[in-house]
Amino acid sequence: LGFTPDWRQAGLRSFVFFCIFLPARQAVLLNFSALVSLFSGPEGFAAERRSPYLDNIETIGGMKNPCFWLCHAEKRDFACIVFGGDYLKNGQKKAASSGGSSSAARIVPTCELATTDYTAILQSVQDEVSGRFAPKKALGMELSRVYELLSLYRRADRVAQCGSEIEFGILQDGSKKLVKANFCRDRLCPMCNWRRSLKLYSQVSQVMDVLESRGYCFLFLTLTLRNCPWDELPAAIQAFLSGWRNLYHEAPVFRRSVHGTSRALEITVNHGACTYHPHLHVVLAVKPSYFTSRDYISQAQWTQLWRSCCDISYDPIVNIKRIKETSQGFKEISKYAVKGSDFLVGSSELMQRHVSNFLSGLSGRRLVGSTGVFKRVQRELCLDDPETGDLVITDGQQLRDDVYCMMVRYGWCSGVYVRR
């Protein structure tokens with residue numbers, strides 16, 4: 001007997017293949033074409049639902065297909081992707097006029113609710129990226145190369161990827177806000193140190209505003225020691241932090257006079273003398289009666305107090321002054337602990353030496369901290385740790401994704417930021 005195929009099973013397989021599988025496969029392959037057709041012209045599949053932002057799109061620059069996520073001005077749940085560069089109004093194609101990362105997209109809305117000048121907005125974002133993010137990213141790439149020379153490959157990879165993808169959200173009033181980014185949180189990363197500085201500035205600002213409304217006054221204290229040789233940085237930082245602990249816990253006059261502190265450690269490099277200059281910036285919260293009470297501490301008393309707490313044989317330089325404008329305290333307390341432009345210079349051997357010294361001196365140490373009323377108000381405001389907290393949202397105001405009318409994305413490519 002010969003083999004007789006089951007014609008019914010063969011017919012069922014043919015039906016499934018030709019009527020279900022092939023149409024589904026074709027739909028997937030044509031998904032991109034359908035999406036373009038949907039928004040490219042009045043003859044699209046759903047022209048009656050086209051967003052008013054898409055009526056007039058012009059791409060200038062050498063980038064092909066910069067991608068923007070737009071939301072309808074009235075229906076925020078209606079999102080679409082605009083592909084500029086190759087697909088313009090009525091299917092027209094415009095030639096590129098310039099190249100590199102300077103490419104931009106000009107979106108002219110026709111709806112009465114969308115009155116924002118998108119050309120100016122996109123240029124503002126471009127200036128922000130080129131002027132603030134790009135220099136830090138370039139220093140970060142230099143730090144990554146130094147880590148590779150020191151055989152710290154994991155650190156090198158993390159720092160190299162830091163800030164490689166950033167995304168801004170544009171509100172209807174034209175203001176911009178960083179909403180997404182990949183940060184490495186490395187202690188020496190220039191990008192992350194800059195973001196920590198912004199976060200610390202915002203948090204100290206909020207806390208001091210609350211304390212000022214409660215009747216507190218503020219002093220700005222700078223504590224220093226003699227510069228230390230490059231190879232003695234860990235010991236110098238330990239002496240600083242030990243002296244600060246002694247000042248806060250074992251000086252009765254300090255405890256009576258000061259109701260709270262916010263401190264930050266800063267280290268600068270003296271290349272001529274081959275030394276480091278670590279110093280502490282501290283904001284002190286005191287009552288108005290402090291300036292007329294018997295617990296008032298003069299400049300000379302601060303110097304002797306700091307000398308005894310550090311157990312040194314010379315008079316250190318101590319600066320104390322009253323903060324009349326709170327913004328003055330914000331700027332000083334939120335400085336970088338270590339600036340990349342200070343130690344990522346010179347020969348590769350010199351940079352390796354600085355990086356090794358900073359890693360050994362700063363690893364495992366808290367460079368910022370708050371006590372007393374500063375820490376209490378920080379908890380009341382539910383502020384996260386500036387060292388370990390979120391580095392994307394630095395002002396503490398996280399908005400919903402659907403409040404943005406446009407998202408602009410940038411990626412690091414061949415030494416420049418380009419819009420995706």
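1. In this predicted model, Ala 300 and Ser 308 are exposed on one side of helix α8, whereas Trp 302, Thr 303, Leu 305, Trp 306, Cys 309 and Cys 310 of α8 are buried.

2. The length of α8 can be checked against its residue count: the helix runs over residues 299–310, and its 12 residues, at 1.5 Å a residue, should span 16 Å. The C-alpha atoms at its ends are 17 Å apart, which agrees with that expectation. Just after α8 comes Asp 311, whose phi is positive, at about 55°.

3. Turning to the aromatic side chains, the count comes to 14 aromatic pairs when ring centres within 6.5 Å are taken as the rule. One of these is formed by Phe 343 and Phe 358, with ring centres 5.2 Å apart and planes at 65°; since planes over 60 degrees apart count as edge-to-face, the pair is so classed. Phe 343 belongs to helix α10 (residues 340–343) and Phe 358 to helix α11 (residues 348–362), so the pair ties together parts that are 15 residues apart in sequence.

4. Are the two partners of this pair buried or exposed? Phe 343 counts as buried, because its relative accessibility is 0% and the limit for burial is under 20%, and Phe 358 is likewise buried, with a relative accessible area of 0%. Both also belong to a cluster in which ring pairs link Trp 230, Tyr 276, Phe 343 and Phe 358.

5. Charged side chains lie over aromatic faces as well. Lys 136 is placed over the face of Trp 194, at 4.8 Å from the ring centre, and Arg 255 is placed over the face of Tyr 248, at 4.6 Å from the ring centre.

6. Asp 384 sits in the loop between α12 (372–380) and β13 (406–413), and it is partly exposed, with a relative accessible area of 31%. Setting aside residues up to four places away in sequence, Asp 384 touches Lys 199, Gln 203, Gln 378, Gly 389 and Asp 390. With Lys 199 there is a side-chain to side-chain polar contact of 3.1 Å, while a polar atom of the Asp 384 side chain lies 3.1 Å from the backbone nitrogen of Asp 390. Between Asp 384 and Gly 396, which are 12 residues apart in sequence, the C-alpha to C-alpha distance is 8.8 Å.

7. Which residues does Gln 238 contact, leaving aside its neighbours within four places in sequence? They are Arg 245 and Arg 365, and with Arg 365 the side chain of Gln 238 makes a polar contact of 2.8 Å, side chain to side chain. Gln 238 lies in helix α6 and is partly exposed, its relative accessible area being 33%. Although Gln 238 and Gly 361 are 123 residues apart in sequence, their C-alpha atoms are 8.3 Å apart in space.

Conventions. Residues numbered from 1 in each chain as written. Predicted model: local features only at pLDDT ≥ 70, side-chain atom pairs only at ≥ 80, totals over all residues. Heavy atoms only, no water. Helix = DSSP H or I, 4+ residues; strand = E, 2+ residues; numbered from the N terminus. Expected span 1.5 Å × (residues − 1). Buried < 20%, exposed > 50% of the residue type's maximum accessible area, 1.4 Å probe, protein only. Contact = heavy atoms within 4.5 Å. Polar contact = N/O pair within 3.5 Å; in protein donor to acceptor, adjacent residues only side chain to side chain. Phe/Tyr/Trp six-rings, centres within 6.5 Å; stacked < 30°, edge-to-face > 60°. Lys NZ or Arg CZ within 6 Å of the ring centre and 35° of its normal.
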